[in-house]
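Hi,

Here is the structure I said I would pass on.

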Amino acid sequence: MSSSQIPEELETFYYTQRLDHFNYRPDSYTTFQQRYMVNSKYWGGAKLNAPIFAFFGAEEWVDDAIYYVGFLRDNAPQFNALNVYIEHRYYGKSIPFGSSEEAMRNASTRGYFNSAQALADYAAVLLHIKKTFSAQNSPIIVIGGSYGGMLASWFRLKYPHIALGALASSAPILYFNGIAPRAGYYHVVTNDFKETSESCYQTIRKSWSEIKRVAKSLNGLSILSKRFKTCKKLSKSFELEDYLDSIYTGAAQYNDPPVNVICDAIDAAAKKTDVLGQIFEGVIVSMPNRTCYDMDEFNHPSQTGLGWRWQMCSEIVMPIGHDRSDSMFQPAPFNMKEFVNKCNSLYGVLPQPHWVTTYYGGQDLKLILNRFASNIIFSNGLKDPYSSGGVLESISDSLIAVSSVNGFHCEDIHPETPSDPQWLISMRNTEVKIIKRWIQDYEADLALFKYKKVQAPKPQN
C-alpha cells in the first residue's frame with residue numbers, strides 16, 4: 001500500500017522508541033523509529049477533554065489496519081475523538097536494527113521482539129501524544145483485534161493509568177497453558193461446517209483417508225496433482241491436506257468465502273463426481289479465477305508470517321490441535337515436545353508456554369479479575385474458531401463479554417456498511433454504550449477531583 005492511498009486526514013509520525021524498556025545495559029538505549037498515524041478531524045480538543053481512540057497494531061503493517069478497522073473512524077464523530085493507529089514493533093516500517101533481515105537475524109536481535117516490549121512502546125507513544133496535544137485529561141480507549149485485542153486487554157491490566165478502557169475484539173487470551181481446550185479451535189470450525197450441511201461435513205471428513213489412499217497408490221501423487229490442478233507436482237500428500245485445512249479454517253474464521261458457499265459447491269457435485277471431485281469443487285469456489293492452485297499459497301514467506309512464527313515460538317504458544325472424535329479433520333493433537341523441538345531448531349531458543357499466563361494472568365480469570373480489573377469489553381463472534389479461547393461470560397459490571405452466535409473474527413470492529421445485519425448493529429451499539437458510560441464516569445470523577453483540589457486548604461507559610 002502506497003502513501004498516496006492513505007486517507008488525507010491521516011498524518012503519519014515517527015516516534016523515537018527505545019529498544020529495551022526493561023534493561024539498563026548500554027545497548028538497551030538503542031532506538032528505532034516507530035510509526036503511528038493520527039486523525040484529528042473529529043477531535044473536540046484538549047479543553048473539552050475529548051477522548052483518544054488508540055488502535056493497537058498487531059502482526060501487520062499499520063496501513064492495513066486503517067482499512068479493515070472501521071470502529072475508530074465510524075465512531076469518532078459522535079465521541080469527538082482523536083484517532084490514533086500505532087504500529088507494532090518489528091512490523092511494517094517500525095523495524096529496529098535498520099531492516100527486517102537484520103532485526104530477525106539472530107536470537108540477540110529477535111530477543112527484543114515480544115508483547116511486553118510492544119505494550120511499553122504503546123505506553124510511551126500514547127504519553128507522547130498526550131503531551132504533544134496538551135491532552136493530559138483526555139481519556140484513552142485502546143482497541144485491538146485478535147492478537148491486537150489481547151494486547152488491548154493486557155494494556156488495560158498493566159497500564160490502567162494510561163488507558164481508561166479497552167475494546168478487545170476476538171482476543172483468545174485463554175488459549176494458553178491448558179486453560180482453553182486444545183481442540184477448541186478446530187471444534188468450532190467443524191461445528192460451522194456441520195451446522196451448515198451435514199453432508200458437506202461428512203464429505204470433508206471422508207476426504208482425508210481418500211487423499212491418503214490415492215497418494216499411496218501407483219503414481220498417486222501425480223494423480224492428486226492432476227485432480228487438484230496443483231501448480232507443481234505434490235511431493236507429499238500433506239501439502240494438499242495443509243492447503244485444504246487453511247481453506248476450511250479461513251472460511252470459518254473470516255467468513256471468506258462463507259462456509260455455505262464451499263458446502264453448496266461440495267454438495268452440488270455429489271451426483272456427478274467422487275469425494276475428491278467434490279472437495280475440488282469447494283477449492284474452486286474458495287480460490288476463484290485460478291489456472292492452477294499453489295499449495296504454498298498460505299505459507300509464502302512474509303514479514304507477518306516470519307514475525308508471527310517467532311512470536312509463537314517464543315511466548316504466544318497456543319496449543320491448538322484437533323483430536324476430538326467428532327472433528328471433520330484427521331487426528332493431529334498438539335504435541336508440545338515436537339513443538340519445542342521445532343522452534344529450537346528454527347531459532348535456537350526454547351518456547352515459554354507458561355509465560356503469558358504468568359505475566360498477564362489467565363488461570364481462574366473470573367475470580368482474579370472480579371475485584372482487580374475494570375473497563376474491558378471482550379467481544380466475540382461464536383462462529384470464529386478463536387472464540388473457543390475468548391472470554392465469553394461477563395466477569396463484573398465493567399468486565400463485559402459481548403458476543404453473537406452469528407459473528408466471525410473481529411467482525412464488530414470492521415467498517416460499518418448498509419448491509420450489516422441487525423445483530424451486528426446491536427453488538428456495536430452495545431459496545432458504544434459501554435464506552436460512553438466509562439467516559440461519563442471518568443468525567444464525573446475528573447470534575448470531583450478538580451473540585452476537591454480547588455477546595456483543599458493551601459499550606460501556610
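**Cavities in the model**

The largest cavity holds about 50 Å³ of space. Keep in mind that this is a predicted model. With a cut-off of 30 Å³ or more, the count is two cavities, so I'll take them in turn.

Start with the largest cavity. If you want to find it on screen, pick out S153, W154, L157, I173, Y360, G361, G362, L365, L369 and F378, which line it. Two helices, α6 (147-158) and α16 (365-370), each bring at least two residues to that lining. The top contributor is α6, with three residues.

Now the second largest cavity, whose volume is about 40 Å³. Its lining is made of S169, S170, S379, N380, G381, G407, F408, C410, E411, D412, W423 and M427. Which elements each supply at least two residues here? They are β7 (376-381) and α17 (422-455). The largest share, three residues, comes from β7.

The lining of the second largest cavity splits into four nonpolar, six polar and two charged residues.

Happy to talk it through once you've had a look.

Cheers

How values were computed. Residues numbered from 1 in each chain as written. Predicted model: local features only at pLDDT ≥ 70, side-chain atom pairs only at ≥ 80, totals over all residues. Heavy atoms only, no water. 1 Å grid on protein atoms, 1.4 Å probe; cavity = no way out; pocket = protein on both sides within 12 Å on 5 of 7 lines; lining within 4 Å. Points joined across faces, edges and corners; volume = space filled by probe spheres on them. Helix = DSSP H or I, 4+ residues; strand = E, 2+ residues; numbered from the N terminus. Nonpolar A, V, L, I, M, F, W, Y, C, P; charged D, E, K, R; others polar.
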